[in-house]
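Subject: Structure for your files, with notes

Hello,

Here is the structure I said I would pass on. My notes on it follow below.

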Amino acid sequence: MSGDSLVIVPAQRRARPSELDRPEPLRYVGRVATDPVAALADKMREDCLDAVDIDEIAAILEANGINDRVADREYGSPSVFALAGRVVARSLDAADTQVLRPIPVEGPSRSKIITDTLLRALIYLTPLAIGIGASSEVDGVPALATTGTLVLGWGGGQALSYLGYRALSERGRTAAARLLGLGFLGLAALWALVLTGEGARAYTVAAVQLALFAVAGVTLVTNRERVVIGAVAPVWIATAGLRYGLSVLVLIACVAVLLAVAYRPVLGRGPVVVRRRWRSWRHDVGYAALYGLVGTGQAALLRTVALDGIAPHRVPVEAVPLLLGVPLMELTLVWHQRRIASARANLADRFAFDRRLGQISAGTVAVLAVPVVAGAAIAGSIWFGLLARGQSLAAAVLLMAVYALCLVLAAHGRAGTAALVVWWPTLLVTGVGHWAPALVHVSPTFAETLAVATLLGAGLPGLAVAALVLRDPESYRE
């Protein structure tokens, strides 16, 4: 659950200026009497020559007590960012109206971005799609091996992916793949003990599910979608062939090949391992557990709303909006992130960046609101008698909206809020069905109505919180 993917990418914070490796202590800038910008530029000439960008100079100014108010009152600049630009320009003997901007770097093309995003969404959805397509083969298998493995694989995959991204940033692709592989092997071993006595068929179903989640995790973390997609296609084809009499052994063989291709990086040369202190590990494990809680909540909500009681020989209509909506939401959030990155790279003034951030965030929130409004409109039409049926479709659309909101919140460091948004509808729907079954028997549509109302109650506040998070500049700190 990436900045640019549904598997979340942990934020990497940049060191503060006081922590940078400087040959001498940070010099005191202070206040000057005449021509303040020129005098300030003369004192900070070496800092300006060594700085990576204007943000670093602005950070040095702020560290020395020059905030936006001081910059406006004593230096005639509307913000610290504007003052930093003038200081850099003066230090380089340029006109004080010149603003130093980074050299634009040509990024990937739009078609490549769209293709990579769709591939990531396709690989992320592969475990769910294969599970739905092969539902006839798991008919009669104990729920512990089907639903239990779904929840374990989804939640465990989110947690291990967080740790995998940490390993990727610190020690490289090989270390990340090995961590994910060992993590899923550990989950499989523990789950095998839980399934003791359930039979060989239950073990096979659970193993295939965990293998697919392991493939999705390692592929997204190591960014090898274009390589792995060639091995994913036969799995989809074999799943479709099950409806035409193809042996399930062919599907198992394709999954085994896919697993080998996805974990090819584990054979690479590993880096020198540096032991980490327990305090650092405790922080990572704590956040991984929080992301795992979000993943288990997503799986439990999906099982409760979309997959409960479906016939084994049909594709549930409740899952179709999720399968189609996730790639579209992926594209929307990738567009949002790229626009924010472009604004940060090209706008040196904080006020201009805030205005651009508000415009971009408003567009993203409008897109996120579409499934919420659509689900509410379908549900309202049914409740007021304008439509005879369709609550399952409304629940599916709202489920996709809740998934998208969880992705936004978790990607911006609000994993706890995301867990709350996804878990309380699950607990409410499951609890009412378990503790008040008479209500379900009295009204055949009570369960669907409760699910729609609960998802709507989660989606509307979640949308408001997501709008505030997207508009908050602090949520984009790296």
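I start with E170, which at 41% relative accessibility counts as partly exposed (buried means under 20% relative accessible area, exposed over 50%, and partly exposed in between, with a 1.4 Å probe and protein chains only). E170 forms a salt bridge with R166, and the closest N and O atoms of the two are 3.9 Å apart (a salt bridge is a side-chain nitrogen of Lys or Arg within 4 Å of a carboxyl oxygen of Asp or Glu). R166 is buried, its relative accessible area being 15%. Both residues sit in helix α7, four residues apart, or about one turn of the helix. Helices are DSSP runs (H or I, at least four residues), strands likewise (E, at least two), and both are numbered from the N terminus. A network of salt bridges links R166, E170 and D284.

Before the rest, a word on the source. This is a predicted model, in which local features need pLDDT of at least 70 and side-chain atom pairs count only at pLDDT 80 or more, while totals for chains, interfaces and linings use all residues. Residues are numbered from 1 along each chain as its sequence is written, and side-chain values use heavy atoms, with hydrogens and water left out.

Confidence

The mean pLDDT of the protein chain is 79, and 80% of the residues score at least 70 (pLDDT is the predictor's confidence in each residue, from 0 to 100). Over residues 1-33 the pLDDT is below 50, and this stretch has 84 contacts in the model beyond near neighbours in sequence (contact means heavy atoms within 4.5 Å). Residues 94-100 also stay under 50, and for them the model has 10 contacts beyond four places in sequence. Where pLDDT is low, the predicted coordinates should not be read in detail.

Overall

The protein chain has 18 helices and zero strands. Of its 478 residues, 46% count as buried. The accessible surface of the chain comes to about 23,800 Å², and 63% of that belongs to carbon and sulfur atoms (areas come from the Shrake-Rupley method with a 1.4 Å probe; for residues, only the protein chains shown count as cover).

Salt bridges

Side chains of opposite charge can pair when their charged atoms come close. The structure holds five salt bridges. One of them joins R226 to D116, with the closest N and O atoms 2.8 Å apart. That pair links distant parts of the chain, since R226 is in helix α10 (residues 225-241) and D116 is in helix α6 (residues 110-133), 110 residues apart. R226 is partly exposed, at a relative accessible area of 48%.

Another salt bridge runs between E225 and R120, where the closest N and O atoms are 2.3 Å apart. E225 lies in helix α10 and R120 in helix α6, so this pair ties together parts that are 105 residues apart in sequence. E225 counts as buried at 5% relative accessibility, and R120 counts as buried at 6%.

Aromatic residues

A search of the whole structure finds five aromatic pairs. Among them are Y162 and Y287, whose ring centres are 6.3 Å apart with planes at 15°, so the pair is stacked. (Rings of Phe, Tyr and Trp, the last by its six-membered ring, pair if their centres lie within 6.5 Å; planes under 30 degrees apart count as stacked, over 60 as edge-to-face and the rest as tilted.) Y162 lies in helix α7 (residues 143-171) and Y287 in helix α12 (residues 278-305), so the pair ties together parts that are 125 residues apart in sequence. Y162 is buried, with a relative accessible area of 4%, while Y287 is partly exposed at 37%. Y124, W154, F213 and Y403 form one aromatic cluster.

W281 is also in helix α12 and is partly exposed, with a relative accessible area of 29%. The C-alpha atoms of W281 and L163 are separated by 9.8 Å, although the two residues are 118 apart along the chain.

One more buried residue

S361 lies in helix α14 and counts as buried at 2% relative accessibility. Leaving out residues up to four places away in sequence, S361 touches H336, L470, R471 and Y476.

Regards
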